[in-house]
Amino acid sequence: MTTATGTYTPEPGAAPLPRMIAAQAALETRMLLRNGEQLLLTVVIPTLLLVLFSSVDIVDTGKGKAVDFLAPGILALAVMSTAFTGQAIATGFERRYGVLKRLAASPLPRWGLMTAKTASVLVTEVLQVILLTVIAFALGWHPHGNPAAVLLLLILGTAAFSGLGLLMAGTLKAEATLAAANLVFLLLLVGGGVIVPLDKFGSAGQHVLGLLPISALSDGLRDVLQHGAGTPWGDLGILAVWAVVALAAAGRFFRWE
């Protein structure tokens with residue numbers, strides 16, 4: 001600002017809110033991509049599972065190519081690994097070391113910080129989807145269906161898993177979050193319809209497991225991409241319920257310290 005004498009004085013103050021959120025989101029994304037453990041969880045494991053189970057006849061995936069069954073499930077796993085497991089562990093340790101407490105005292109509001117974290121998750125998921133799609137095409141994948149339905153499933157799946165991850169990170173100790181998030185990841189990898197069809201668990205097990213968010217996401221993506229179905233409203237409804245309940249619970253019970 002110019003004064004009457006022609007000198008300049010600073011104008012202290014916070015940057016515009018969109019710029020602060022964008023800067024925090026970029027920082028969160030860089031930190032995630034530089035973390036070897038996070039890359040193992042979000043990139044290496046889904047890629048290896050896709051290549052291995054598509055190339056070797058280990059699990060009976062039904063008629064057609066194995067990759068046509070596996071690719072939608074691995075995409076669902078990628079969403080869960082980033083939005084739930086990775087975010088829960090990272091946020092849990094940020095809370096333990098006081099990072100969240102310090103950021104909460106900055107000009108960036110708390111909801112802005114959560115928005116930045118969500119944006120970072122979405123950027124990472126876009127990179128995951130691109131990588132896994134390229135690999136699946138190389139393995140002979142032939143997807144069908146409506147891209148809009150796929151996008152809606154991915155968005156609702158991200159919302160549901162983000163809410164669950166933040167709820168876990170904001171209520172449990174960091175060490176407990178680390179153990180619980182990895183355990184849930186392994187259990188849902190096996191029992192969530194990702195690589196093993198749900199009908200292998202019997203009628204009762206199939207109905208119960210079908211209510212899980214990972215099952216709804218993987219089955220919904222499979223219905224669209226493998227079978228060319230229309231909008232899977234049932235799976236979308238399950239994901240929407242999980243998203244609303246998980247985000248509401250995270251907003252209510254999340255502790256910053």
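## A helical chain and its buried threonines

Setting aside residues up to four places away in sequence, Thr85 touches Leu41, Met80, Ala181, Asn182 and Phe185. Thr85 belongs to helix 3, which runs over residues 66-96, and because its relative accessibility is 0%, Thr85 counts as buried. The model discussed here is a predicted one.

Helix 3 also holds Thr91, a residue that is buried, with a relative accessible area of 1%. When neighbours within four places in sequence are left aside, the contacts of Thr91 are Leu100, Lys117, Leu166, Ala169 and Phe254. Thr91 and Thr177 stand 86 residues apart in sequence, while their C-alpha atoms are 9.4 Å apart in space.

As for the chain as a whole, it contains 10 helices and 0 strands, so that, read along the sequence, the pattern is α-α-α-α-α-α-α-α-α-α. The C-alpha trace spans about 80 × 35 × 35 Å along its principal axes. Of the 257 residues in the chain, 46% are buried, and the accessible surface amounts to about 12700 Å², with 70% of that area belonging to carbon and sulfur atoms. Among the contacts between residues at least 6 apart in sequence, 79% join residues at least 24 apart.

The UniProt record, an unreviewed entry, assigns the annotation "domain: ABC transmembrane type-2" to residues 33-257.

| Residues | Helix | Strand | End C-alpha separation |
|---|---|---|---|
| Residues 33-257 | 77% helix | 0% strand | 26 Å |
| Residues 148-169 | 100% helix | 0% strand | 31 Å |
| Residues 236-254 | 95% helix | 0% strand | 26 Å |

Helix 10 comprises the 21 residues 233-253, and at 1.5 Å a residue it should span 30 Å, which agrees with the 30 Å between its end C-alpha atoms. Within helix 10, the buried residues are Asp235, Leu236, Ile238, Leu239, Ala243, Ala246, Ala249 and Ala250. The elements that cover these buried residues include helix 6, residues 147-171, and helix 9, residues 213-225.

Helix 6 is also where Leu152 is found, and since its relative accessibility is 35%, Leu152 counts as partly exposed; the cut-offs behind this reading are under 20% for buried and over 50% for exposed. The C-alpha atoms of Leu152 and Thr115 are separated by 19 Å, with the two residues 37 places apart along the chain.

Leu33 lies in helix 1, which covers residues 17-34, and with a relative accessibility of 38% Leu33 likewise counts as partly exposed. Together with Val123 and Leu127, Leu33 forms a nonpolar patch on the surface, and the three residues share about 240 Å² of accessible area.

How values were computed
Residues are numbered from 1 along each chain as its sequence is written. This is a predicted model: local features need pLDDT of at least 70, side-chain atom pairs count only at pLDDT 80 or more; totals for chains, interfaces and linings use all residues. Side-chain values use heavy atoms; hydrogens and water are left out. Patches are made of residues with over 30% relative accessible area and no salt bridge: like charges are joined within 9 Å, nonpolar side chains (Val, Leu, Ile, Met, Phe, Trp, Tyr) within 5 Å. Accessible areas come from the Shrake-Rupley method with a 1.4 Å probe; for residues, only the protein chains shown count as cover. A salt bridge is a side-chain nitrogen of Lys or Arg within 4 Å of a carboxyl oxygen of Asp or Glu. Helices (H or I, at least four residues) and strands (E, at least two) are DSSP runs, numbered from the N terminus. Buried means under 20% relative accessible area, exposed over 50%, partly exposed in between (1.4 Å probe, protein chains only). The expected span of a helix is 1.5 Å times one less than its number of residues. Contact means heavy atoms within 4.5 Å. UniProt positions are given in the numbering used here, feature names are shortened, and annotations may be inferred rather than shown by experiment.
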